[in-house]
Amino acid sequence: MFPDNNRIRVYIDGFNVYFSMKESGWRKYYWLDVWRFSIKLLQKAKSQQFIQADGMIDAVRYFTSRIGDTGRQKAKAARQNAYLEALAENSNQYKTNLTISFGQYQFKPYECRHCGKISNHPIEKMTDVNLATDLLVDAFFDKFGTAIVVSGDSDLRSPIQKVKELFTDKRVIVAMPPGRWSKELADSSFKYLLVEEKQFRQCQLPNDIIRASDEFTISRPSVWM
């Protein structure tokens with residue numbers, strides 16, 4: 001059942017996780033410590049005997065896009081920037097192998113069904129492509145024995161299936177956030193996990209993080225308390 005080595009890498013679809021929390025009414029969990037969160041998922045995978053007991057996380061890859069900081073998005077962008085800076089600073093202080101990869105937002109014309117007004121609606125692009133690319137490249141260069149992909153985005157079925165076909169010594173476990181179930185991902189993966197509310201609750205960053213370079217305090221936004 002187990003892969004031949006115990007190197008684990010975790011790939012987190014940041015927007016899929018974010019919308020899972022948003023749709024569940026869990027704004028208070030947005031200040032998520034993704035490294036601790038990954039450890040909780042690893043522990044759950046071990047408890048279900050999907051991963052050997054001595055398996056350890058080598059790296060966590062977090063994929064997201066920066067929100068544009070204009071108009072009505074400005075306050076939301078400021079909160080996101082605080083979170084991303086806190087995440088990076090926390091990683092630096094605890095020497096964890098965390099990287100954050102960015103896609104981009106594009107604006108698509110949207111017509112209001114009621115008044116007919118045309119406005120630009122932001123849509124996130126490239127997060128799933130970046131995750132898929134890193135997953136396949138890391139598999140090619142033998143960076144993991146088991147990958148845990150945190151997403152319910154069925155678009156990731158193809159790269160997961162390719163890892164299974166091309167690298168028979170490797171396993172991909174999918175961890176699907178609440179409300180993001182995908183049968184396609186479940187069928188293409190080695191095993192799957194269901195993320196629970198308690199994993200978000202138990203894995204929050206400190207409310208205040210002191211930036212080492214200048215002792216500036218990065219604080220959790222009050223609307224996320």
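In which sense do strand 6 and strand 7 pair, and over how many bridges? I looked this up to start: strand 6 and strand 7 pair in the parallel sense over five bridges. Two strands count as paired if DSSP finds at least two bridges between them. Helices (H or I, at least four residues) and strands (E, at least two) are DSSP runs, numbered from the N terminus.

**Ground rules.** I am reading a predicted model, where local features need pLDDT of at least 70, side-chain atom pairs count only at pLDDT 80 or more, and totals for chains, interfaces and linings use all residues. Residues are numbered from 1 along each chain as its sequence is written, and side-chain values use heavy atoms, with hydrogens and water left out.

I traced six strands in an open sheet, in the order 3-2-1-6-7-8, with parallel pairing. Strand 3 (98–102) and strand 8 (191–194) are the edges, and each pairs on one side only. On average, neighbouring strands are turned by 20° against each other, direction ignored.

I then checked single partners. Thr146 has Arg171 in strand 7 as its bridge partner. Strand 1 (residues 7–13) pairs with strand 6 (residues 146–150) in the parallel sense, also over five bridges. There, Val10 has Ile148 of strand 6 as its bridge partner.

How many residues of strand 7 are buried? I found five of its six, so the strand is mostly covered. Buried means under 20% relative accessible area, exposed over 50%, and partly exposed in between (1.4 Å probe, protein chains only).

**Helices on the sheet.** Helix 2 (residues 34–47) lies across strand 1, strand 2 (56–64), strand 3, strand 6, strand 7 (171–176) and strand 8. Helix 2 runs at about 125° to strand 2. Helix 4 packs on the sheet too, touching strand 1, strand 2, strand 3 and strand 6. The direction of helix 4 makes about 170° with that of strand 1. Axes are lines fitted to C-alpha atoms, for helices over the stretch in contact, and angles run from 0 to 180 degrees between N-to-C directions. Contact means heavy atoms within 4.5 Å.

**Helix against helix.** I looked next at helix 4 (residues 127–140) and helix 5 (residues 157–166). Their axes come within 9 Å and cross at roughly 5°. The two are therefore roughly parallel (under 35 degrees; over 145 is roughly antiparallel, 65 to 115 roughly perpendicular, the rest oblique). Ala132, Leu135, Leu136 and Ala139 in helix 4 meet Pro159, Ile160, Lys162 and Val163 in helix 5.

**Pro177.** Where does Pro177 sit? I found Pro177 in the loop between strand 7 and helix 6 (183–188). Pro177 is buried, at 3% relative accessible area. Beyond its neighbours within four places in sequence, Pro177 contacts Asn16, Val17, Ser20, Val150, Ser151, Gly152 and Val195. Its C-alpha atom is separated by 8.3 Å from that of Met21, 156 residues apart along the chain. Asn16, Val17, Ser20 and Met21 are among the buried residues of helix 1 (residues 14–23).

**Rings.** The structure holds 15 aromatic pairs. Rings of Phe, Tyr and Trp (its six-membered ring) pair if their centres lie within 6.5 Å; planes under 30 degrees apart are stacked, over 60 edge-to-face, the rest tilted. I picked Tyr11 and Phe144: their centres are 6.2 Å apart and their planes at 75°, so the pair is edge-to-face. Tyr11 is in strand 1 and Phe144 in the loop between helix 4 and strand 6, 133 residues apart. Tyr11 is buried at 0% relative accessibility, and Phe144 is buried at 0%.
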